[in-house]
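Have the viewer open as you read.

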Amino acid sequence: QVQLVESGGGLVQAGGSLRLSCAASRRPFSNYAVGWFRQTPGKEREFVAAISWSGGRTNYADSVKGRFTISRDNDKNTVYLQMNSLKPEDTAVYYCAGRETSYYDNYSYTDEHQYDYWGQGTQVTVSS
């Protein structure tokens with residue numbers, strides 16, 4: 001079992017940037033596909049970005065394409081979400097999720113039900 005811890009959230013003005021980190025407690029983290037999701041009060045959790053175990057495949061929600069970038073450093077057991085040109089509508093609690101995969105399963109997953117492990121979340125607030 002792996003534990004995931006998000007960090008890097010905070011308050012930023014519209015147009016600003018933040019970088020979220022998702023650190024895993026277990027090695028090797030390279031066995032895991034990882035996704036970022038977000039949720040605001042009263043709404044369902046929504047997909048933001050995902051990356052395969054190798055980093056070779058990524059997926060993004062249409063709402064963040066061109067502004068957010070997901071990446072990973074398996075040596076550091078960490079996945080990042082670089083968020084640029086932030087908008088007030090990006091305000092949410094951001095969660096990272098992990099799915100244990102195999103070498104041949106080099107996919108990035110966009111459905112939250114495909115993930116087995118979740119972090120506690122980190123708050124991102126974008127002011128207008």
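In what follows, contact means that heavy atoms come within 4.5 Å. Bear in mind that this is a predicted model. With that cut-off, and skipping neighbours within four places in sequence, Y94 is in contact with E6, L20, W36, F37, R38, V48, F68, L81, M83, G121, T122 and V124.

**The sheet**
- Four strands make up an open sheet, paired antiparallel in the order β1-β3-β8-β7.
- The edges belong to β1 (4–7) and β7 (68–73): each has a single partner strand, so one side of each has no neighbour in the sheet.
- On average, neighbouring strands here are turned by 15° against each other, ignoring direction.
- β1 runs antiparallel to β3 (residues 18–24), and four bridges join the two.
- If you want a spot to check, V5 has A23 of β3 as its bridge partner.

**F68**
- F68 sits in strand β7.
- Its relative accessibility is 2%, so F68 counts as buried.
- Beyond neighbours within four places in sequence, F68 has contacts that include R38, V48, Y60, L81, M83 and Y94.
- F68 and T78 are ten residues apart in sequence, with 17 Å between their C-alpha atoms.

**The core**
- The largest nonpolar core has 35 residues, and W36, L81, M83 and Y94 touch the most other members.
- At least two residues of this core come from each of β3, β4 (32–39), β5 (46–51), β7, β8 (78–83), β9 (92–100) and β11 (122–127).
- As background, nonpolar side chains tend to be buried together in soluble globular proteins.

Note on methods: Residues are numbered from 1 along each chain as its sequence is written. This is a predicted model: local features need pLDDT of at least 70, side-chain atom pairs count only at pLDDT 80 or more; totals for chains, interfaces and linings use all residues. Side-chain values use heavy atoms; hydrogens and water are left out. Two strands pair if DSSP finds at least two bridges between them. Axes are lines fitted to C-alpha atoms, for helices over the stretch in contact, and angles run from 0 to 180 degrees between N-to-C directions. Buried means under 20% relative accessible area, exposed over 50%, partly exposed in between (1.4 Å probe, protein chains only). A nonpolar core is a set of buried Ala, Val, Leu, Ile, Met, Phe, Trp, Tyr and Cys residues joined through side-chain atoms within 4.5 Å.
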